[in-house]
Amino acid sequence: MPVLLGDVFKATNNVSPAVSLRGIKNKSEYTELETRRFLARHRVTRYARNPYFPVNTLQIMRGAVASQRLGCHERYVDAVYRHMWAEPKKMDDPAVIASALRESGLPADELLALASDPGVKQALYANTERSVARGSFGSPTFFVGDELFFGKDRLREVEEEIEKSLEAK
């Protein structure tokens, strides 16, 4: 579900790890080690640190809502992640976003126009409010039924909970 992470942080009195962990000796080295482990465990072969990260995600999150309305959400998400983490680009620059979407075979002009629609903007805010109301405080947050899981390091538990819920049916 597309949300505005900055608004999630504001609503929950949270801050990004870049802020909360700044100045902690050895933390950045450990984070790099954990990233390598995660990539290896999940067999991620196309990853590159994005030199522009962090970026303002407002436009691409509005685009995500627009992509849901246009029926190309899965392709949109794949493209945005590819251009953010496999072929790193400055994904908060409107011209770069448009170029990346076109390169990915998506209807860039239509997506970007719809992303400016007040209804899309309101839907994104509503998604954010619902996410916080459910218990999120950051990203990535996963829900399986009513169970909340936070962080990429919880993907195993997410999978286990999905399997458990499927077995119960």
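The model is a predicted one, so local features need pLDDT of at least 70 and side-chain atom pairs count only at pLDDT 80 or more, while totals for chains, interfaces and linings use all residues. Residues are numbered from 1 along each chain as its sequence is written, and side-chain values use heavy atoms, with hydrogens and water left out.

**Around histidine 83**

Let's start with histidine 83, which sits in helix 5, residues 73-86. (Helices are DSSP runs of H or I with at least four residues, strands are runs of E with at least two, and both are numbered from the N terminus.) Is histidine 83 buried or exposed? Its relative accessibility is 1%, so histidine 83 counts as buried. (Buried means under 20% relative accessible area, exposed means over 50%, and partly exposed is in between, using a 1.4 Å probe and protein chains only.)

The side chain of histidine 83 makes a polar contact of 2.9 Å with that of serine 104. (A polar contact is a pair of N or O atoms within 3.5 Å; within protein, one must be able to donate a hydrogen and the other to accept it, and residues adjacent in sequence count only if both atoms are side-chain atoms.) Setting aside neighbours within four places in sequence, histidine 83 also has contacts that include Asn50, Pro88 and Met91. (Contact here means heavy atoms within 4.5 Å.)

Rings of Phe, Tyr and Trp (its six-membered ring) pair if their centres lie within 6.5 Å; planes under 30 degrees apart are stacked, over 60 edge-to-face, and the rest tilted. By this rule there are three aromatic pairs. One of them is tyrosine 47 with tryptophan 85, a stacked pair at 6.1 Å centre to centre with 15° between the planes. Tyrosine 47 lies in the loop between helix 3 (27-41) and helix 4 (58-70) and tryptophan 85 in helix 5, so the pair ties together parts that are 38 residues apart in sequence. Tyr47 and Trp85 also belong to one aromatic cluster with Phe53.

**Salt bridges**

Side chains of opposite charge can pair when their charged atoms come close. How many salt bridges does the structure hold? There are ten, where a salt bridge is a side-chain nitrogen of Lys or Arg within 4 Å of a carboxyl oxygen of Asp or Glu. The table gives some of them.

| Pair | Closest N and O atoms |
|---|---|
| Arginine 37 and glutamate 34 | 2.6 Å apart |
| Glutamate 103 and arginine 82 | 3.7 Å apart |
| Aspartate 153 and arginine 154 | 3.8 Å apart |

Salt bridges that share partners join Arg46, Arg82, Glu87, Lys89 and Glu103 into one network. Arginine 37 and glutamate 34 are both in helix 3, three residues apart, or about one turn of the helix. At 40% relative accessibility, arginine 37 counts as partly exposed.

Leucine 148 is partly exposed at 31% relative accessibility, whereas phenylalanine 149 is buried at 12%. Leaving out residues up to four places away in sequence, phenylalanine 149 touches several others, including Pro140, Phe142, Val144 and Val158. Its C-alpha atom is separated by 11 Å from that of glutamate 159, ten residues apart along the chain.
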